[in-house]
Amino acid sequence: MYTEKVMDHFAHPRNMGEIKDANGVGMVGNAKCGDIMQMFLKVNDDGIIEDVGFKTFGCGAAVATSSMATELIKGKSIDEALKLTNSAVVEALEGLPPAKLHCSVLAEEAVRAAIDNYYARKEGKAEDCNCVRCGHDHEEEHAENTEE
Ligand code: FES
């Protein structure tokens, strides 16, 4: 059912874990399967993604696609990373079963969300918010955090 590449990235995920000094963090979720993916980027002054990490609470294909997505954008410019598509991730993994294609969409969205957050922080619009475009309603959470 799964290619060797998928199994390899599932069993030995690359770049797994949070990056403490990340300057772009994005979280996305799939409402249907309930899986969640978080992407951390460390972008240098030249706009190059120096380091990348991910945390995925989800299926094996979600782990493999996030792992591969990090490999594909590490060392690349923001502009190149923005061009990453889910099909490029699937191709790099040498295929995914049709029922699992949505997992690769999550990886593409997580990268985009982290880049959006990077830009939002740069513009001073998302200082401590790590949930830009995460798809959840954090209004209440934010209200609680600001209530003192
Ligand atoms: S089953 Fe939902 S991300 Fe894989």
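**View 1. Ile 48 counts as partly exposed, because 15 C-beta neighbours lie inside 10 Å.** The scale works on C-beta atoms placed from the backbone: 20 or more others within 10 Å make a residue buried, 12 or fewer make it exposed, and partly exposed is in between. This is a predicted model: local features need pLDDT of at least 70, side-chain atom pairs count only at pLDDT 80 or more, and totals for chains, interfaces and linings use all residues. Residues are numbered from 1 along each chain as its sequence is written.

**View 2. Ile 48 sits in the loop between strand 2 and strand 3.** Helices (H or I, at least four residues) and strands (E, at least two) are DSSP runs, numbered from the N terminus. Leaving out residues up to four places away in sequence, Ile 48 touches Val 43, Gly 75 and Ser 77. Contact means C-beta atoms, placed from the backbone, within 7 Å. Lys 74 is 26 residues from Ile 48 in sequence, yet their C-alpha atoms are 8.4 Å apart.

**View 3. Three strands build an open antiparallel sheet, in the order 1-2-3.** Strand 1 (24–29) and strand 3 (49–57) are the edges, each pairing on one side only. Pairing takes at least two DSSP bridges between two strands. Strand 1 and strand 2 (residues 36–43) share six bridges. Gly 26 faces Met 39 of strand 2.

**View 4. Two helices lie across strands.** Helix 5 (residues 101–122) lies across strand 1 and strand 2, at about 140° to strand 1. Axes are lines fitted to C-alpha atoms, for helices over the stretch in contact; angles run from 0 to 180 degrees between N-to-C directions.
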